Every structure is written in structure tokens, then in C-alpha cells.
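Here is a brief report on one protein model.

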Amino acid sequence: MAPAGADSGTLDVITIGRSSVDLYGQQIGSRLEDIASFAKSVGGCPSNIAIGTARLGLKSAVLTRVGDEQMGRFIREQMGREGVDTGAIVTDGERLTALVLLSVENETTFPLIFYRENCADMALCEDDVDETFFRRARAIVVTGTHFSKPNTDAAQKKAIRIAKASGAKVCFDIDYRPNLWGLAGHDAGESRYIASEAVSRHLKTVLPDCDLIVGTEEEIMIAAGESDVLASLKAIRAISAATIVLKRGPMGCIVYDGPISDDLEAGIVGQGFPIEVYNVLGAGDAFMSGFLRGWLGGEDLSTAATWANACGAFAVSRLLCSPESPTFEELQYFLKLGSPHRALRKDEALNHIHRATTRRKHWPSLVALAIDHRSQLEEMAAEAGADVSRIAVFKTLAVEAARQAAAGRDDFGMLLDETYGRTAFDAAAKAGFWIGRPVEKPGSRPLAFEHRRDIGSQLVEWPVDHVIKCLCFYHPDDPADLKREQAETLARLYEASRRVGRELLIEIIAGKHGRLSDDTVARALQELYDAGIKPEWWKLEPQASSRAFAGISEVIAREDPWCRGIVLLGLDAPTQELEAAFSAAADAPLVKGFAVGRTIFGDAARRWMRGEIDDAAAVADMTQRFRTLVEAWDRARRARAA
């Protein structure tokens with residue numbers, strides 16, 4: 001029986017060993033002692049490889065242990081988001097998840113501290129290796145650190161026995177960290193090589209069972225117990241027929257698939273990619289992911305080496321480990337078109353593909369209750385003689401109405417604001433809703449931001465899955481100076497969203513300040529794309545015809561094929577008008593749903609503010625109106641599918 005949480009299909013690869021939370025210093029050029037803030041990600045050689053291969057299209061899993069605490073749950077959840085099978089991740093109730101602190105001090109110094117004393121993944125044992133689960137794999141990856149303790153050594157050797165018996169390939173990433181073998185102090189995490197007869201003698205017992213052996217020059221030497229690279233390769237070949245991949249950093253790699261000659265260079269070499277070295281940590285794991293994608297995918301060894309070199313180039317040119325591994329779309333784009341930048345992290349085209357193809361969740365449909373209104377609700381409160389503090393209470397009622405309308409569906413969302421919606425944020429998050437938050441000053445034209453002029457410092461405080469929403473009253477026939485100012489403001493917001501890793505929804509209302517024809521919004525979007533702005537979402541006013549949506553869709557498909565899509569806004573229109581708008585959008589696959597506000601909550605808000613209805617009645621009214629619109633949208637979607 002497969003472990004809980006496992007799929008039952010064939011796996012391309014199962015990796016085994018370390019799984020940690022990496023905390024990367026965000027101040028580049030600082031000593032680790034001086035780092036002030038950190039970025040969190042999944043780390044550990046086999047965990048990075050599991051994520052890297054999943055991004056490249058392989059079906060991967062990882063066998064490891066994590067603690068029964070927040071960091072362990074983060075690893076499990078992030079693996080799931082990345083498409084890694086989590087069925088072999090064991091929760092250890094007695095030990096903590098490993099942590100690693102890392103920084104980039106300069107071009108050659110990358111200090112790191114392993115917090116791994118009695119950590120969860122080093123408690124891995126033979127009982128954790130489920131034979132049924134492992135028989136599903138075409139290949140396994142064993143890693144060096146987990147041969148350093150008797151229990152983890154036994155676990156990996158059991159996995160090897162199962163793999164050999166079932167005809168799976170055994171891959172060995174030597175992954176040599178001297179201080180994890182007890183050969184160096186806690187502050188020597190950066191150390192990559194200390195000769196040790198004991199380590200070499202132990203690793204040699206693994207080599208005969210391997211089909212693929214991958215390591216740096218130092219790792220090849222420690223595995224062989226020799227003092228130079230060529231002698232090490234010959235020593236390995238004497239006891240193993242495995243394909244050997246020698247990683248050589250900026251020089252790429254050499255693959256040896258037969259006898260080892262006296263010429264070190266006499267091997268298979270893939271294409272190299274001269275790039276700026278920014279951070280070497282994690283580059284080998286991305287390299288291994290690329291090689292496995294080619295090797296297990298039936299490519300020749302030269303192609304596998306090229307893909308490995310390219311994946312390593314991505315990682316070494318960026319800051320983090322697993323988050324920087326490329327997706328297959330990104331890799332293929334780079335192999336076809338290259339980059340004008342030696343520092344790949346500065347290539348906006350590649351960065352855009354990377355962000356778009358590593359998003360946290362897929363949203364094929366989105367129906368949202370937009371109640372991020374501030375000025376409109378303030379006016380309603382004033383008309384009713386109610387205190388503005390009542391607005392925040394009403395917004396929590398709106399979240400409850402949305403929860404009841406959703407009835408367990410996973411495509412519902414909310415637009416909520418920081419001014420009156422802070423309490424409602426928590427309720428919306430617990431309901432599992434998509435959440436968008438406005439940043440514009442209500443009614444501003446030219447566009448201005450609310451609360452802080454420095455928009456980036458505001459966004460960094462937001463939860464990572466909150467989407468930035470910005471309304472801009474933009475018409476392509478506006479005066480040139482006004483258009484330029486608004487586009488520059490949106491561009492600043494777009495750049496800030498990229499820096500802090502938040503998605504962006506831009507709402508364009510053109511009809512309030514000019515004539516709305518079939519090509520008006522398409523022209524507006526084209527101008528904003530020309531300004532370099534590529535939001536994940538567009539929120540647009542209903543269009544009079546399917547021709548208008550066809551023109552809009554053509555612009556988006558040409559300028560940003562990775563755009564999530566369009567949601568329709570309501571503008572306080574009657575339900576019947578919105579139903580007609582949904583039908584007009586039925587032929588546009590990029591229209592994913594709607595984000596409508598006052599059509600749903602307007603009447604209930606006025607009556608509730610005046611004291612004419614209680615909380616339950618307000619919730620019931622909004623629930624019914626929301627359901628009516630959702631049903632209309634669903635009918636339009638079904639008609640499109642038919």
C-alpha cells in the first residue's frame with residue numbers, strides 16, 4: 001500500500017535525504033553576521049532536485065523527514081505546490097526540521113550555517129522506505145550526506161536494493177559537505193573538500209550499484225579516495241560501469257560513458273553558457289535536475305549535459321536555491337533565444353516566464369465579491385447617519401456571504417481593502433479565497449497611491465498570496481501628458497510587484513472619461529504593454545460585443561501569453577445587464593470570471609447601515625445575489641464549452 005498522500009502512478013525519480021528550510025540573507029555583499037533580513041525557501045540537495053525535476057516536467061517524489069511544526073508543514077506544502085509527490089515525506093514528532101542560514105558575502109565567499117543537530121531528516125531509517133512506493137520509480141537519487149550515519153545509510157541502501165530489483169536506475173549525487181560528516185566546525189559550512197580515508201572507504205561501497213554518478217572535481221576525489229581527478233575517474237571506473245558526470249563549475253561538465261582515457265577532456269561535452277556568477281549555492285542541484293530531465297527523458301548525453309549546464313547557469317545567476325530552478329518553458333526559451341545579459345537575473349523576459357510558470361496556484365476560473373470600496377461605503381454610512389466603524393463590520397458580513405455562496409468551491413475570491421477590511425482579511429484567508437487588495441487612492445486621476453508614496457515598502461508587508469489591485473481611469477484618447485503620467489505610475493507599481501513577488505491585477509475603466517467603442521480597451525491595453533507593464537490579471541468593464549473581447553484577447557495573447565486572464569467588473573450595473581455582459585464574453589477564453597461589488601452588496605449595505613435589516617438578513621441578501629451572478633457566469637461558461 002502506498003503511503004498516505006501518494007499518487008499511485010509511475011514516478012520518474014525519487015530523491016532521498018536532506019530537507020531543510022533555507023534562510024537566505026537579502027543584503028548582498030554583507031557578512032552573515034550583518035544580515036538584517038532573510039528570504040525563506042525549501043533547501044537541501046535532494047529536495048532541491050525533486051523541485052527542479054518537477055519544474056522540468058518529470059514526476060518526482062522525495063523521501064525525507066520533517067518536523068511536526070510550521071517549517072515542516074511549509075516544506076510539505078511547498079513540495080505539493082511544486083508538483084512533487086509528498087507521499088514519502090515522513091513527519092517526525094520528536095525532532096525539528098533542519099534550518100540553513102546562507103548569504104552572499106562577495107563573488108567567492110558564500111557563508112552558510114547548518115542547523116542540523118538531531119534534525120528530522122537525519123532520523124530517516126529503513127522503515128521509512130516503503131517498497132511499494134519505491135517500485136513505482138524509474139530512478140532514485142541517493143545523496144552523500146545520508147551515507148554519513150548508520151540509520152540513514154541503511155535507509156538509502158534499502159532503497160538501492162529495491163531499485164536494483166525492480167530495474168530502476170540508481171543515481172548518486174555525491175553532495176559532499178565535510179562538516180556534515182563531522183570533519184569541520186559549525187562555521188565551516190562553506191567548506192567543500194577535506195580528504196578523509198574513512199569517508200572515501202564508505203562511499204566506495206555505493207559506487208558499484210550506481211548507474212549515474214555526479215560530482216564536482218573534489219567530490220569525485222572523495223568518492224574515489226584519490227588525490228587527483230583523472231586518477232579518481234579511473235578508480236571509479238574500475239568498480240563501476242556508471243555514467244560519470246564531472247561538474248566543473250563555469251567550465252560546464254564532462255560526461256564519461258565508457259573507458260577513461262589518459263586525457264581528462266576526452267568525454268562528452270554539452271554547450272556551455274558564460275554567465276555572471278552571483279551565488280554558487282544550489283547550482284549543482286539545478287544542474288542535476290537538468291541532467292536528469294535529459295537522461296531520463298531519452299535525450300543523448302550531449303543534450304542532457306547542455307540542459308544541465310543551462311539549469312546550473314540559471315541558479316548561479318540568481319540568489320536562492322530551489323525557487324530559482326527553471327521550468328521547462330523557461331529552459332527551452334533560453335536554449336532557443338539565449339539572453340543579452342550575462343546576469344540572467346536581469347533578463348526581464350526570462351524573469352517574466354519564470355514568475356508566470358512558477359505561480360503558487362492555478363486559477364482557471366475566478367468569481368469574486370469586490371468590496372474594496374472605501375469612498376462609496378463612507379457615503380452610504382454618512383447618508384444613514386452610521387459611524388464609519390460600521391463599514392469594517394459590514395465587510396466581515398460580506399466575507400461570510402461569499403463563504404456561504406461558495407459552498408466549498410475553490411474558485412471564489414474577495415477584493416478587500418486595508419482601510420476597512422483588515423478584520424475581514426483573516427476570515428477570507430480561512431475560507432481559502434483568492435484575495436486582492438487595492439493600492440490606488442479612490443477616484444484619483446492621474447493615478448495616485450493610497451497610504452504611502454513608497455509603494456514597495458507597503459507591499460513587502462503583505463501575505464505572499466495577496467494580489468495587488470490597482471484601478472486606473474485610463475482612456476487611449478486621453479491627453480498625452482496624462483497618459484504618460486499614469487503609465488509611469490503603473491510601471492512603478494509593476495516593478496515594485498516584481499521585486500516583492502506579489503501578483504498584480506490592473507483595473508482599467510475607460511468609459512467614464514471617453515467614448516467606449518469596440519477597440520477602446522484593446523488600444524488602452526496595448527499602450528500599457530508598450531510601457532513594459534505585464535500584470536497577471538486585467539479587470540475590465542463589460543464590453544458591448546464579442547468583437548471587443550476578441551480585440552482585447554488578441555492584444556493579450558500577443559503581448560503576454562502567460563497572462564492569467566480577465567475578470568469583469570460590475571460598475572453597479574443591474575444583474576440583467578451583467579448577465580448579458582457574461583454572454584458577450586462567452587467566446588473569449590481569457591475571460592476567467594468576474595469581480596463585482598455593489599450589484600451584490602449595495603442594497604444590503606444601505607439597509608443594514610440604516611438599521612432596517614440585521615446581520616443575518618444582510619448576509620442572506622448578499623449570498624443570494626452572489627449566487628445568482630455565479631449561476632449566470634456558469635451558464636455562460638457552459639455555453640462557451642458547448
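Asp372 and Lys469 join their side chains in a salt bridge, with N to O at 2.9 Å. The term salt bridge means a side-chain nitrogen of Lys or Arg within 4 Å of a carboxyl oxygen of Asp or Glu. Asp372 sits in the loop between strand E13 (366-370) and helix H12 (375-384), and Lys469 sits in strand E16 (residues 466-473), so the pair ties together parts that are 97 residues apart in sequence. Helices (H or I, at least four residues) and strands (E, at least two) are DSSP runs, numbered from the N terminus. Both Asp372 and Lys469 are buried. Buried means under 20% relative accessible area, exposed over 50%, and partly exposed in between (1.4 Å probe, protein chains only).

The model is predicted: local features need pLDDT of at least 70, side-chain atom pairs count only at pLDDT 80 or more, and totals for chains, interfaces and linings use all residues. Residues are numbered from 1 along each chain as its sequence is written, and side-chain values use heavy atoms, with hydrogens and water left out.

## Other charged pairs

How many salt bridges does the structure hold? The count is 50. One of them pairs the side chains of Arg31 and Asp34, at 3.0 Å from N to O. Arg31 is partly exposed, at 40% relative accessibility. Asp34 is also partly exposed, with a relative accessible area of 44%.

Asp481 forms a salt bridge with Arg484, where the closest N and O atoms are 2.5 Å apart. Both residues lie in helix H16 (residues 480-500), 3 residues apart, about one turn of the helix. An α-helix has 3.6 residues a turn, so residues three or four places apart point the same way. Asp481 is exposed, at 52% relative accessible area. Arg484 is partly exposed, at 44%. Elsewhere, salt bridges that share partners join Asp372, Arg374, Glu440, Glu450, Lys469, Glu507 and Lys539 into one network.

How many disulfides does a search of the whole structure find? It finds 0. A disulfide is a pair of cysteine sulfur atoms within 2.5 Å. For Cys321, the closest cysteine sulfur is in Cys45, 10 Å away and too far for a bond. Cys321 is buried, with a relative accessible area of 7%.

Cys563 is in no disulfide either; its nearest cysteine sulfur belongs to Cys470, 16 Å away. Cys563 counts as buried, at 7% relative accessibility.

## Packing of H13 and H14

Helix H13 (residues 389-406) packs against helix H14 (residues 422-430) at an angle of about 15°, with the axes 8 Å apart. Axes are lines fitted to C-alpha atoms, for helices over the stretch in contact, and angles run from 0 to 180 degrees between N-to-C directions. H13 and H14 are therefore roughly parallel (an angle under 35 degrees). Lys395, Thr396 and Val399 of H13 make the contact with Thr423, Ala424, Ala427 and Ala428 of H14. Contact means heavy atoms within 4.5 Å.

## An enclosed helix

Is helix H17 (residues 520-530) largely enclosed or open? In H17, 8 of the 11 residues are buried, so the helix is largely enclosed by the rest of the structure. The buried residues are Thr520, Val521, Ala522, Ala524, Leu525, Gln526, Leu528 and Tyr529.

Their cover includes H16, strand E17 (504-509), strand E18 (537-540) and helix H18 (546-559). Just after H17, Gly532 takes a positive phi of about 85°.

Conventions
Parallel < 35°, antiparallel > 145°, perpendicular 65-115°, else oblique.
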